[in-house]
Amino acid sequence: MNPMMVKATRFLSLPVLSVFLLMFFVYYTTIFIFIDHWVGLQSSHGTFNASIFTLFASISIFSFFLCVFSDPGHVPLSYLPDVEATTNESAKDNAERKKCDKCFGYKPPRTHHCRVCRRCVLKMDHHCLWINNCVGYWNYKAFFVFALYATIASIHSMVIFLCCVFRQDWDSVKGSSLKIFYVMYGTMVMALTITLLTLSGWHVYLTLHNMTTIEYYEGKRAKWLAAKSGQSYRHPFNVGAYKNITLILGPNMLKWLCPTSISHLKDGVSFPTIRDNS
């Protein structure tokens with residue numbers, strides 16, 4: 001299929017459109033209803049809050065589209081595992097075990113086969129229904145930044161909503177329609193904020209440990225098996241918190257939260273390990 005058609009198909013899925021419409025709804029209600037009712041859009045406080053919220057919302061939407069349209073990372077056709085030319089049977093067996101039993105090609109370290117996308121994805125974190133795409137080596141930073149900015153925007157929206165609630169003169173409100181709207185919106189924005197806080201917090205943890213979601217659950221099993229045999233297990237790609245951050249977000253701190261700053265990423269088929277530092 002044509003690459004442009006593939007990208008269009010990704011966007012024109014119900015979950016992706018639902019997320020986009022939800023973001024648009026939260027943006028519209030926050031700016032044109034709650035800020036306007038709270039302090040007025042024309043006031044200095046209103047303009048300031050609207051500008052800050054628009055900034056966070058804009059970066060969130062931009063990062064979201066990057067997640068949807070970016071290739072998470074495909075295995076190069078020329079990739080071969082780093083096995084020395086030898087007659088050692090165990091080395092050959094190890095190379096064969098690195099083959100994908102579905103793609104029938106060799107899998108680099110941290111690569112997994114996605115049953116939804118029907119291909120192997122470099123440093124696959126998970127397949128996300130809400131972006132209709134895998135989160136992998138090339139779009140993980142965009143996903144991380146999206147989760148972070150969306151969380152900040154959601155918290156900001158909730159604070160504005162609460163300020164509007166406490167400022168509203170409810171005794172003068174006739175009928176129940178406005179009260180129902182406020183209750184429904186408050187429930188929605190609270191649930192959204194908790195969900196995004198959990199998501200961003202989880203991926204901050206993963207980033208600090210240079211770990212994917214798949215590797216986290218694989219690590220839990222590896223720790224259990226190691227404990228049974230009286231040994232200890234440490235995630236092989238955890239090379240220290242700061243180094244982990246720079247490997248994922250980049251060496252320049254000023255560009256950590258820029259979703260398009262990915263020039264530090266290499267080929268995605270090899271990664272530094274704790275053995276390299278020993």
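**View 1. The lining of the largest cavity.** In this predicted model, the largest cavity is lined by K123, D125, G136, Y140, N210, M211, T212 and I248. On a 1 Å grid over the protein atoms alone, a cavity is a set of points where a 1.4 Å probe fits but cannot get out, and lining residues have an atom within 4 Å of a point. The space in the largest cavity is about 50 Å³, where a volume is the space filled by probe spheres set on the points, and grid points are joined across faces, edges and corners. With a threshold of 30 Å³ or more, the count is 1 cavity. The lining of the largest cavity comprises 3 nonpolar, 3 polar and 2 charged residues; here Ala, Val, Leu, Ile, Met, Phe, Trp, Tyr, Cys and Pro count as nonpolar, Asp, Glu, Lys and Arg as charged, and the others, Gly among them, as polar. Residues are numbered from 1 along each chain as its sequence is written, and side-chain values use heavy atoms, with hydrogens and water left out. Because the model is predicted, local features need pLDDT of at least 70 and side-chain atom pairs count only at pLDDT 80 or more, while totals for chains, interfaces and linings use all residues.

View 2. K123, one of the residues that line the largest cavity, is not a glycine, yet its phi is positive, near 45 degrees. K123 belongs to the loop between β2 and β3; helices (H or I, at least four residues) and strands (E, at least two) are DSSP runs, numbered from the N terminus. The relative accessible area of K123 is 11%, so K123 is buried; buried means under 20% relative accessible area, exposed over 50% and partly exposed in between (1.4 Å probe, protein chains only). R118, also not a glycine, has a positive phi of about 60 degrees. R118 is placed in the loop between β1 (112–114) and β2 (119–121). R118 counts as exposed because its relative accessibility is 71%.

**View 3. The largest pocket.** The largest pocket holds about 530 Å³ of space; a pocket is an open set of grid points with protein on both sides within 12 Å along at least five of seven lines. Its lining consists of 23 residues, and V19, F146, A150, L192 and L196 lie nearest the centre of the pocket. Two or more lining residues come from each of α2 (14–38), α3 (44–69), β3 (126–128), α5 (140–167) and α6 (177–208). By class, the lining of the largest pocket has 19 nonpolar and 4 polar residues, and no charged ones.

**View 4. The nonpolar cores.** The largest nonpolar core contains 42 residues, among which F34, F64 and I131 touch the most other members. A nonpolar core is a set of buried Ala, Val, Leu, Ile, Met, Phe, Trp, Tyr and Cys residues joined through side-chain atoms within 4.5 Å. At least two residues of this core are supplied by each of α2, α3, α5, α6 and α8 (241–249). The largest share, 13 residues, is that of α5. Beyond its neighbours within four places in sequence, F64 is in contact (heavy atoms within 4.5 Å) with V16, V19, M23, W130, I131 and F146. A second, separate core has 10 residues, including Y79, Y137, F237 and V269.

**View 5. Aromatic pairs.** The structure contains 28 aromatic pairs. Rings of Phe, Tyr and Trp (its six-membered ring) pair if their centres lie within 6.5 Å; planes under 30 degrees apart count as stacked, over 60 as edge-to-face and the rest as tilted. Y137 and F271 form an edge-to-face pair, because their ring centres are 5.8 Å apart and their planes stand at 75 degrees. Y137 lies in the loop between β4 (133–135) and α5 and F271 in the loop between α8 and α9 (274–277), so the pair ties together parts that are 134 residues apart in sequence. Y137 is buried at 10% relative accessibility, and F271 is buried at 17%. F181 and Y182 make another edge-to-face pair, with 6.0 Å centre to centre and 85 degrees between the planes. F181 is partly exposed at 26% relative accessibility, whereas Y182 is buried at 5%.
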